[in-house]
Amino acid sequence: MKIVKFKYCDEFHCIGPDCTDHCCKEWKILLGKREYLDYKKAECSNELKSVINTAFERVKNHEKKGIVYDEKSNYAQINFNKEDECPFHGADGLCMIQKELGEKALTVTCSTFPRLYGLVGGEILIFGCDITCPHVVELMIDHPEGLEVCEDEYDGSNEGVNRSLYGIPEGSKKWQGYSQYWTIKSAQIDILQNRNFTIPERLLMLGFFSKKADEYIEAGQVEKVETLYNMMLDYDTCKKIADSLRAPQSDVSAATKSANTFLKMYQSVTSSKNKDYITRLFEQTAQSIGVRNELLSDEDKIKTTCNFVT
């Protein structure tokens, strides 16, 4: 089976205790019956055995919690502790299961994340990484080939894929826009890679393209998607699109509203456990979009002053 992936994906590996915002917290980790029983009978230290004995809860069709019983993938879930962290996340920042039993003993979720797989047309795998992982973001920014895509043969190594468990929704041939699936994906990547434009401009163009493509597909005019893609390759056309979508620079109220929204986002994370790391990210973002750093510490200023780059 063919697999289409971003080149940076093969270089990703978990950096464990060096991670600035570990993923073993604040989410739901489900496992199948086979994994559950393997843990219960695992030969391990008394310390790990005691955690295993209290770490899991059987799933019983909790529709209200968004969980539906399924022996293959939703047979049990891990109970997080009062700090909302996985009980297997050790003080050294490493997973107790992986340290003692090896990577193959991890749940499908833990061994796969932040890697994301999807199946297109029942024939081709697509592979990317979730940007909620800080190291993925660092890798994407630093990788010399950016979002370069390559094609390879699937090596059969991922248990989730082998069990048809996908993090990306499957691309079905029944979708009315399926004939243009790869055209759409290529266009989106090309737009994001176009360094002739600023990041805000690229995002505006990406939104424009995606919205128009959806309109054509819903109207039964799928063939127009390729024409739209070719149009997005023209610099002058893209510049006009970006300029037409950008809020007028003279519109102080719109700019102030954006600055206020940014300030609220910044203030909401200052109490985070990873305050220093998140603060640094916000300051870098502020600099990249032209919000002066001093505005972040003065709520009154930001209500009356903003300085976005054009």
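Biologist: Happy to dig in! What relative accessibility does Lys239 have?

Modeller: This is a predicted model, where local features need pLDDT of at least 70, side-chain atom pairs count only at pLDDT 80 or more, and totals for chains, interfaces and linings use all residues. Residues are numbered from 1 along each chain as its sequence is written, and side-chain values use heavy atoms, leaving out hydrogens and water. Buried means under 20% relative accessible area, exposed over 50% and partly exposed in between, with a 1.4 Å probe and protein chains only. Lys239 counts as partly exposed, its relative accessibility being 27%.

Biologist: Which residue's side chain meets that of Lys239 in a salt bridge?

Modeller: A salt bridge here is a side-chain nitrogen of Lys or Arg within 4 Å of a carboxyl oxygen of Asp or Glu. The N to O distance in this pair is 2.9 Å. Lys239 sits in helix H10 (residues 235–245) and its partner in helix H8 (residues 199–218), 38 residues apart; helices (H or I, at least four residues) and strands (E, at least two) are DSSP runs, numbered from the N terminus. The partner is buried at 5% relative accessible area, and its name is Glu201.

Biologist: Nice! Which residue forms a salt bridge with Glu215?

Modeller: Both residues lie in helix H8, three residues apart, about one turn of the helix. Their closest N and O atoms are 3.5 Å apart, and the partner of Glu215 is Lys212.

Biologist: Last one: how many salt bridges does a search of the whole structure find?

Modeller: Asp152 and Lys5 form a salt bridge at 3.8 Å, N to O. Lys2, Glu151 and Glu153 are linked in a network. Over the whole structure, the search finds ten.
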